[in-house]
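Please take the structure shown below one question at a time, keeping the cut-offs behind each term in view.

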Amino acid sequence: LIIVEGSYSLHERFGHYYDFSLFLNVSSQEQLRRLEARCQNEAKFTRFKTEWIPMENIYHEAQFVKERADMIIHTN
């Protein structure tokens, strides 16, 4: 059993290697709460909010990540 996790692990380039794919759908509020808890400083947290989250959202839409996943789990 090999588990691959990460924001970009469901890129179309990798999809044919997986037997099963799971997408964890976390609310924006929970995503920010978790990021704030992990970031060591305000600058890093701000960079996630202004740079990484928007890029990740563009990737999800462009790659149809949720639509290609075998299962979606929704959390708050």
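**Helices, burial and the pocket**

Q: Which elements are included in what covers the buried residues of α2?
A: Helices (H or I, at least four residues) and strands (E, at least two) are DSSP runs numbered from the N terminus, and buried means under 20% relative accessible area, exposed over 50% and partly exposed in between (1.4 Å probe, protein chains only). The residues of α2 that count as buried are F45, I53, E56, Y59, H60 and Q63. Taking contact as heavy atoms within 4.5 Å, what covers these residues includes β1, α1 and α3.

Q: What kind of model do these values come from?
A: Residues are numbered from 1 along each chain as its sequence is written, and side-chain values use heavy atoms, with hydrogens and water left out. Local features need pLDDT of at least 70, side-chain atom pairs count only at pLDDT 80 or more, and totals for chains, interfaces and linings use all residues, since this is a model that is predicted.

Q: In what order do helices and strands follow one another along the sequence?
A: The secondary structure comes to three helices and two strands, and the C-alpha atoms fill a box of roughly 40 × 20 × 20 Å along the principal axes.

Q: What share of the contacts between residues at least 6 apart in sequence joins residues at least 24 apart?
A: Of the 76 residues in the protein, buried ones make up 20%. Among the contacts between residues at least 6 apart in sequence, the share that joins residues at least 24 apart is 68%.

Q: How much space lies in the largest pocket?
A: On a 1 Å grid over the protein atoms alone, a pocket is an open set of points where a 1.4 Å probe fits, with protein on both sides within 12 Å along at least five of seven lines, and lining residues have an atom within 4 Å of a point. Grid points are joined across faces, edges and corners, and the volume is the space filled by probe spheres set on the points. For the largest pocket this comes to about 1,400 Å³. Of its 38 lining residues, G6, S7, F23, L24 and H60 are the closest to the centre of that space of about 1,400 Å³.

Q: Which element gives the most residues to the lining of the largest pocket?
A: At least two lining residues come from each of β1 (22-25), α1 (28-38), α2 (42-63) and α3 (65-68). The contribution with the most residues, seven, is that of α2.

Q: Is H60 buried or exposed?
A: H60 is found in helix α2, and not counting residues up to four places away in sequence, this histidine touches S7, F23 and V65. Because its relative accessibility is 18%, H60 counts as buried.

Q: How far apart in space are A69 and L24, C-alpha to C-alpha?
A: A69 lies in the loop between α3 and β2 (71-74) and, with a relative accessible area of 13%, is buried. Beyond residues up to four places away in sequence, A69 touches S21 and F23. A69 and L24 are 45 residues apart in sequence, and their C-alpha distance is 9.7 Å.

Q: What separation is found between the C-alpha atoms of R33 and G15?
A: R33 has its place in helix α1 and is partly exposed, with a relative accessible area of 49%. Along the chain R33 and G15 are 18 residues apart, and their C-alpha atoms are separated by 30 Å.
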